[in-house]
Amino acid sequence: MTESNAVKTGGCQCGAIRFRVEGALGTASICHCRMCQKAFGGFYAPLVAVERPQLTWTRGEPAHFRSSNHVTRGFCPSCGTPLTYEEPGDKLALAIGAFDHPEEIAPTIQFGVEAKLPYADTVSELPERDTMDDLEAASFLATIRSNQHPDRETESWPPDEWPQDAWTNAPSHLPAKKT
């Protein structure tokens, strides 16, 4: 499959929203502006441009917040995962981390660098350790059971094995727990 007819899929953390992109992706970027920092709750927003006709929402659709007079941002109303950056026109940007294989989408440019956090460029210099190497937390970590949707398409949502408390203060739009 060539890049021009490639299919990429992705979705939110809980699986309520899934998407499919057909064809070549546009520019992959990182935006450091303060609005993107707040929208993603992170140091920056990793985004990739797509043409609107390339994108199909295969399960659910994002809720939107108008973050400025020109931009709306799509997110999962169930789990809050940031999904889109949308300006008027034929393109929008999808969150790179929401793709099933984000490692395949490397940013090629940084925007909004005037708001870049002073330590963003030195994060890679911090000491590293694997999750399970944290001996103080090992017993806690060994008991974690993830409620995160897998990085692939699934037949149904939510999974039967999710506990009743998978969502705290769950919004009323969530599906009723199967009994």
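This is a predicted model: local features need pLDDT of at least 70, side-chain atom pairs count only at pLDDT 80 or more; totals for chains, interfaces and linings use all residues.
Residues are numbered from 1 along each chain as its sequence is written, and side-chain values use heavy atoms, with hydrogens and water left out.

Student: Is G74 buried or exposed?
Tutor: G74 sits in strand 7, residues 72–75. Strands (E, at least two residues) and helices (H or I, at least four) are DSSP runs, numbered from the N terminus. Buried means under 20% relative accessible area, exposed over 50%, partly exposed in between (1.4 Å probe, protein chains only). G74 has 3% relative accessibility, so G74 counts as buried.

Student: How far apart in space are G74 and A63, C-alpha to C-alpha?
Tutor: In sequence, eleven residues separate G74 and A63. A63 is also one of the contacts of G74 beyond four places in sequence, where contact means heavy atoms within 4.5 Å. The C-alpha to C-alpha distance is 5.5 Å.

Student: Which side chain makes a polar contact with the side chain of H32?
Tutor: H32 lies in the loop between strand 3 (28–31) and helix 1 (34–40). At 2% relative accessibility, H32 is buried. A polar contact is a pair of N or O atoms within 3.5 Å; within protein, one must be able to donate a hydrogen and the other to accept it, and residues adjacent in sequence count only if both atoms are side-chain atoms. At 2.6 Å, the partner is Q110.

Student: How many salt bridges does a search of the whole structure find?
Tutor: A salt bridge is a side-chain nitrogen of Lys or Arg within 4 Å of a carboxyl oxygen of Asp or Glu. K8 and E104 form one, at 2.9 Å from N to O. K8 lies in strand 1 and E104 in the loop between strand 9 and strand 10, so the pair ties together parts 96 residues apart in sequence. For the whole structure, the search finds seven.

Student: Which residue forms a salt bridge with R18, with the closest N and O atoms 2.8 Å apart?
Tutor: R18 is buried, with a relative accessible area of 1%. The salt bridge, 2.8 Å between the closest N and O atoms, is with E153.

Student: Where are E51 and K91, the pair with closest N and O atoms 3.9 Å apart?
Tutor: The two form a salt bridge. They are 40 residues apart in the chain. E51 is in strand 4 (residues 45–51), and K91 is in strand 9.
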